[in-house]
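Visitor: I am new to this structure. Please pick a single part and give me a close look at that part.

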Amino acid sequence: IGQGYGQFKYTGSIELYKEEINNIIALAPLGKIQLITAFSIKVVYGNTSQALTIDTLQSCVFMKNPFSAKANDKKLVMKIPLLIGNINWNS
């Protein structure tokens, strides 16, 4: 008779080097990456036997600024959770 759709909720994460995060923090309002206005991320993937696909993650917001380090770490790579407003598939 009918079909209903629930609310879509997209989440993900991005991994960045600590140096890159420091640069973002330097530009962020009050030094908090969570206060940066929503932004888009283009994700490009594929392989040599097929055309590249481009998806656009829209209205992305950093959820927190985690920091952790271990002994003998050469490069600090940090995983930052993202809230994603919408995804435009094959855009």
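Guide: A residue is buried under 20% relative accessible area, exposed over 50% and partly exposed in between, with a 1.4 Å probe and protein chains only. On that scale, buried residues make up 21% of the 91 residues in the protein chain. This is a predicted model, where local features need pLDDT of at least 70, side-chain atom pairs count only at pLDDT 80 or more, and totals for chains, interfaces and linings use all residues. Residues are numbered from 1 along each chain as its sequence is written, and side-chain values use heavy atoms, with hydrogens and water left out.

From the N terminus, the order is β-α-β-β-β-β. Let us look closely at β4.

Strand β4 covers residues 77–84. One face is covered: M78, I80, L82 and I84. The other is uncovered: V77, K79, P81 and L83.

Now its partners (strands pair if DSSP finds at least two bridges between them). β1, residues 10–17, pairs with β4 in the antiparallel sense. Eight bridges join the two. β3 also pairs with β4, again antiparallel, over two bridges.

Contact means heavy atoms within 4.5 Å. Leaving aside neighbours within four places in sequence, L57 is in contact with F39, S40, I41, V43, I84, N86 and I87. I84, on the covered face of β4, is one of these contacts.

Contacts across the whole chain can be counted too. Take those between residues at least 6 apart in sequence: 55% join residues at least 24 apart.

The whole structure has two aromatic pairs (Phe, Tyr and Trp rings, the six-membered one for Trp, with centres within 6.5 Å; planes under 30 degrees apart are stacked, over 60 edge-to-face, the rest tilted). F8 and Y10 are stacked, at 6.3 Å centre to centre and 5° between the planes. F8 is exposed, at 60% relative accessible area. F39 and F62 have ring centres 5.1 Å apart and planes at 45°, so this pair is tilted. F39 lies in β2 (residues 39–45) and F62 in β3 (residues 53–62), 23 residues apart, so the pair links distant parts of the chain. F39 is partly exposed at 22%, while F62 is buried at 7%.

β3 holds one more point of interest. S59 sits in that strand. Its phi is positive, about 55°, although S59 is not a glycine. S59 is partly exposed, at 41% relative accessibility. L30 likewise has a positive phi, about 60°, and is not a glycine. L30 lies in the loop between α1 (18–27) and β2, and is exposed at 77% relative accessible area.

Technical notes. Helix = DSSP H or I, 4+ residues; strand = E, 2+ residues; numbered from the N terminus.
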